[in-house]
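Please examine the sequence and the structure shown below.

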Amino acid sequence: MQPPIHNQPPRPGLWLRAGFLAGALLAMGRATPVVLRFYGTGGLGDQTLSQGYSFFLAGLWIAAPILIVGAGLCAHRPGLRWPLFLLAGSVSLAWIAHWLPYDSVFAPSLEGWRGWGLICSLGLVAAASAAVGVWGSGESRVAKTGGGVAAALSVTVLALHLGADRSPGRWPERPNLILISLDTLRADRLGSYGSDLGATPNLDAFAQHAVRFENAYSAAPSTLPSHMTMLTGLSPSRHGVTRDLGLPGELPTLPELLKEEGYATLAVVDTCVWLTGRFGFTRGFDLYRRVAEPTQAKAAQALEVLDLVQGTPFFLFFHTYDAHSDMHGLPYHAAPSDRERYAGWYQGEFDGCNEEGVCASEYLRLLNERGDLPAQAERRFIECLYDAGVRTLDRDLALLFDGLQARGLLENSVIAITADHGEEFFEHGKALHASYYAECTTVPLLVHTPDTPEQPGTAAPLVSHVDLLRTFLDYAGGSDPSPSSDFAASAGRSLRPWLEGGTGPERPFMPFDRFGRLLALRTPEAAVVRTRGEWFLERESGTLPLEDVPSEEREGWMTWIGIEEAELASAMARIGRTSKRSKVQRPTATEDRELRSLGYTGDD
Ligand SMILES: [Zn+2]
């Protein structure tokens, strides 16, 4: 077949070149200052944001010469004109459609000239394509059709973009989402939860504008599985993340789901070994910054990061370790004035170390291992040191709250403040956090939304960190990840009904599982906890073996245990069939030492 012959002067080629060149330059002009700003912050490391923009820029710089050369060839090699045009047009349209409307949300917003830049570049592509379709293809049906299709696609993308921008409840109206995890903070230390310690004035001020969930629980008394539950909405057995296993690739995380909704996804977390990419924590985050300094410095960095995404809906995951037990000296650290206020009464000899020179968290871990109990005064002293640390943490949080307020973000965001677990002070003979008793699994959960009423009050349903993901997605307008077929008790649900002053479907009990084993069941009044293979009933009046409980009550608990164990077994069978667990690199010797000195022992 004869190639089409073009005798016309290359007027459409000029249009094409001008259109593509202008589009490419606009896009590059749009991306470059963003990249420079983010690289200038110096905190990106290997994170996804820098990779994303590297790909973006690389793609543009590859696409631009292809387009220009292609357009040039159009003028001189008529046989190549239309294949190249279609290729270049498709690539550039796909590029613009895929990247600009969605991924650019963590760049400065599409308001003002930037938005017009996008619209103009799309318009130029549309105009150039239409020009080719109308004027440039008298001899070629393929070209005419191609030009028409390209023009139609451009206009469609343009219309979708404009439509998406303006429809109510979408992009500009969606609230910012902030998840603040204050590691190891017991609920009963907050004034809003009834404490008279006076240790949390800033958190209490926040609580006045938030719904307080008085029966909120972490999914596990441990940093790694608990945080993974917050970000996946799955119980620890179902996400399966342990010291040796990372998050399976097919399980979506909250930042990944929010990113699909156009959110900028940002994290400022502690440098602890657990919250790292090897377990899957960095997945879906545009920027994941690990900060070693205390809360105040983390708050400053978080605010700096938020300034980079002004005008764009964002999800911020903020985590701080300051209330956690420490590595050196005394078990819990605090500002000297706070230590004096809460623990200054202690005149004994305990300086955080035993006679073998084992100190701080490692000392508490050793007590746990040996089943030793310090004297009453020392136990009290250790607890008061923790209280002092909570006071220091709260004081440092003021910078974050003030910064959010100054930016108008305190009122207009969905903000959930919680802890990944609590802490024990020998109530059941142990220190630190490993048991499923109330001291380790009860957590604060304060949630503020832009719709929070004047006097938000409290909500009493049994809730857990499995509910956070669906709550945030509800506000973001995102779709639920694959609906859970799990029994209602363990599946997450949105807390929005309670946040709007109403009620929603309640659980009869909250199950706790790990490694495919049921470890506790909790109601607002009581819990059964598995300890060394035996079930114990935990009530306000005390803890006793379940077999010593009157038979009617015992059988009620045993029925629930049976139901939940069967559900868990079938969930595990499903997971076993579908999930590819990813082995993680073991902690290095240095990390292992760090973990031991923070009081971690065995499998996590
Ligand atoms: Zn923790």
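In which sense, left-handed or right-handed, does α10 pass α13? The crossing of α10 with α13 is right-handed; a crossing has this name if the near helix is turned clockwise from the far one by less than a right angle, and it is left-handed if the turn is anticlockwise. The model is predicted: local features need pLDDT of at least 70, side-chain atom pairs count only at pLDDT 80 or more, and totals for chains, interfaces and linings use all residues. Residues are numbered from 1 along each chain as its sequence is written.

Two packed helices are described by the angle between their axes and the distance between the axes. Helix α10 spans residues 295-308 and helix α13 spans residues 376-406; their axes come within 8 Å and cross at roughly 15°. Axes are lines fitted to C-alpha atoms, for helices over the stretch in contact, and angles run from 0 to 180 degrees between N-to-C directions. α10 and α13 are therefore roughly parallel to each other, given that angles under 35 degrees count as roughly parallel, over 145 as roughly antiparallel, 65 to 115 as roughly perpendicular and the rest as oblique. On the side of α10, the contact is made by Thr295, Gln296, Ala299, Ala300, Ala302 and Leu303, and on the side of α13 by Leu393, Asp396, Leu397, Leu399, Leu400 and Gly403. Two residues are in contact if their C-beta atoms, placed from the backbone, lie within 7 Å.

The protein has 18 helices and 19 strands in its secondary structure. Helices (H or I, at least four residues) and strands (E, at least two) are DSSP runs, numbered from the N terminus. Of the 604 residues of the protein, 47% count as buried. A residue is buried if 20 or more other C-beta atoms lie within 10 Å of its own, exposed if 12 or fewer, and partly exposed in between, with C-beta atoms placed from the backbone.

Strand β5 (residues 264-270) is largely enclosed by the rest of the structure, because 7 of its 7 residues are buried. Strands of a sheet pair through backbone hydrogen bonds, either parallel or antiparallel. Two strands pair if DSSP finds at least two bridges between them. β5 runs parallel to strand β7 (residues 314-320), to which 5 bridges join it; here Val268 has Phe318 of β7 as its bridge partner. β5 is also joined by 5 bridges to strand β6 (residues 287-291), again in parallel, and Val269 has Arg290 of β6 as its bridge partner.

β14 pairs with strand β15 (residues 517-522) over 5 bridges, and Asp513 has Leu518 of β15 as its bridge partner.

Finally, consider Leu446, which lies in strand β11 (residues 445-448). Leu446 counts as buried because it has 25 C-beta neighbours inside 10 Å. Although Leu446 and Val211 are 235 residues apart in sequence, they are 5.7 Å apart in space, C-alpha to C-alpha.
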